[in-house]
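Have a look at it first.

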There are 2 protein chains.
Amino acid sequence: MRAGDRSTELAFVNAGLLRFFYQTTDGKEFNKSFVAENQFTAAYSAFLTDMPARFSIQALEECHLLICDLHMVVNLFDRHGCWERLGRILAEQLFIKKEAREAEFLLDDAETRYRNFQKQYPGLEGRVAQYHVASYLGITPVALSRIRKKLKTDFP
Amino acid sequence: MRAGDRSTELAFVNAGLLRFFYQTTDGKEFNKSFVAENQFTAAYSAFLTDMPARFSIQALEECHLLICDLHMVVNLFDRHGCWERLGRILAEQLFIKKEAREAEFLLDDAETRYRNFQKQYPGLEGRVAQYHVASYLGITPVALSRIRKKLKTDFP
DNA sequence: TCAGCTCATTAAACTAGGTTAATTATTCTC
DNA sequence: GAGAATAATTAACCTAGTTTAATGAGCTGA
């Protein structure tokens with residue numbers, strides 16, 4: 001999926017790894033998030049607001065996705081309260097994650113964000129290129145390399 | 001409310017203005033958000049995860065709040081699907097807002113974030129001290145003052 | 001009216017991170 | 001194994017934003 005598209009798909013990642021990224025007008029990319037196996041994902045806010053998505057999605061590994069249409073899910077919401085509840089809880093989870101990321105950007109410098117990333121997504125660092133991690137942290141690959149060097153000498 | 005408290009209150013701001021802020025270990029404060037009249041608010045993610053809140057709340061103006069307990073609201077969720085739906089939609093709105101703020105921090109520099117703030121919260125700038133705006137943007141009052149000076153000379 | 005606040009501005013020195021570019025690993029291909 | 005990509009590191013210089021401190025501009029209250 002590309003930024004500007006209108007997607008109404010909900011996907012369950014059965015295997016593989018996706019990255020979600022924004023692009024600036026001058027071509028730079030910033031990773032919004034990674035989604036790996038056993039996670040649900042969608043351009044949900046774009047769907048809810050009936051707007052084109054602001055971000056693009058790229059498969060970083062060979063993926064196996066189970067896909068359905070979000071309209072179907074919304075129909076389920078109408079059908080029975082248990083689906084509505086599922087929808088609520090999923091939205092709440094999304095909110096909690098994004099709020100935590102907001103706090104990180106407000107409070108933490110790049111080094112702290114990097115260490116958070118390692119704790120929060122164990123194993124992911126080995127699966128993606130370093131410049132993708134940097135982009136997720138909101139810094140350049142050069143800056144991340146510097147931070148890693150510093151951490152190595154600080155805690156060898 | 002103070003960071004570390006467990007609040008289970010939901011408030012409707014009838015009049016006045018609140019600010020929500022994080023504090024770093026060395027005493028610095030960062031405004032997470034402002035909530036003005038006719039808005040609902042709560043330490044919702046803390047309530048959902050059954051954790052103490054990470055942020056504090058301060059009234060910036062004389063406020064009139066209508067308060068109820070979130071447990072009551074959750075009971076309503078069980079009572080009838082229409083409440084569950086309301087809960088879902090509110091959670092979705094929260095998510096959409098936080099996702100937008102994530103995008104800002106990833107993509108925009110301080111000047112752009114300031115201009116966004118002005119557009120997005122018209123009238124608010126006149127109601128709060130400038131250093132509160134700076135804190136919301138994630139910069140120091142000094143930096144904001146410089147940005148304002150630059151904007152004045154650029155577009156007099 | 002003046003002293004005592006708090007807030008905004010300005011300046012100067014500093015720092016984290018950006019930019020550019022060169023260098024070194026890695027991996028892939030043939 | 002040689003060449004050719006692609007990634008990561010390093011270095012040198014640059015910039016946006018921080019820190020500290022001084023100054024000015026409103027308020028407020030006795």
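Q: What should I know before I start?

A: This is a predicted model, in which local features need pLDDT of at least 70, side-chain atom pairs count only at pLDDT 80 or more, and totals for chains, interfaces and linings use all residues. Residues are numbered from 1 along each chain as its sequence is written, while chains are lettered from A and ligands numbered from 1 in the order in which they are written.

Q: How many helices and strands make up the secondary structure of chain A?

A: Helices (H or I, at least four residues) and strands (E, at least two) are DSSP runs, numbered from the N terminus. Chain A has seven helices and six strands, and along the sequence they come as β-β-β-β-α-β-β-α-α-α-α-α-α. The C-alpha trace of chain A spans about 60 × 30 × 30 Å along its principal axes.

Q: How much of chain A counts as buried?

A: You count neighbours: a residue is buried if 20 or more other C-beta atoms lie within 10 Å of its own, exposed if 12 or fewer, and partly exposed in between, with C-beta atoms placed from the backbone. By that count, 26% of the 156 residues of chain A are buried.

Q: How do I read two packed helices?

A: Two packed helices are described by the angle between their axes and the distance between the axes. Axes are lines fitted to C-alpha atoms, for helices over the stretch in contact, and angles run from 0 to 180 degrees between N-to-C directions. Angles under 35 degrees count as roughly parallel, over 145 as roughly antiparallel, 65 to 115 as roughly perpendicular and the rest as oblique. Take α6(A) and α7(A): they pack at an angle of about 100°, with axes 8 Å apart. α6(A) and α7(A) are therefore roughly perpendicular to each other. Residues making this contact include A:Tyr131 and A:Leu137 of α6(A) and A:Pro141 of α7(A).

Q: What relates chain A to chain B?

A: Copies are superposed by least squares on the C-alpha atoms of residues with pLDDT of at least 70 in both. Here a rotation of 180° with 0.0 Å of shift along its axis puts chain A on chain B, with an RMSD of 0.0 Å. That is the relation of a two-fold axis.

Q: How many residues does the contact take from chain A and from chain B?

A: Two residues are in contact if their C-beta atoms, placed from the backbone, lie within 7 Å. The contact takes 27 residues from chain A and 27 residues from chain B. On the chain A side, α3(A) gives the most, with 18 residues. Also, 100% of the interface residues of chain A are interface residues in chain B too, so the copies meet through the same surface.

Q: And which residues come nearest to DNA strand D?

A: A residue is near a strand if its C-beta atom, placed from the backbone, lies within 6 Å of it. Of the 16 residues around DNA strand D, the nearest include A:Gln130, A:Ser145 and B:Thr140. α7(A) gives the most to this surface, with six residues.

Q: What about DNA strand C?

A: DNA strand C is surrounded by 15 residues, with A:Asp109 and B:Gln130 among the closest. The largest share of the surface near DNA strand C, five residues, comes from α7(B).
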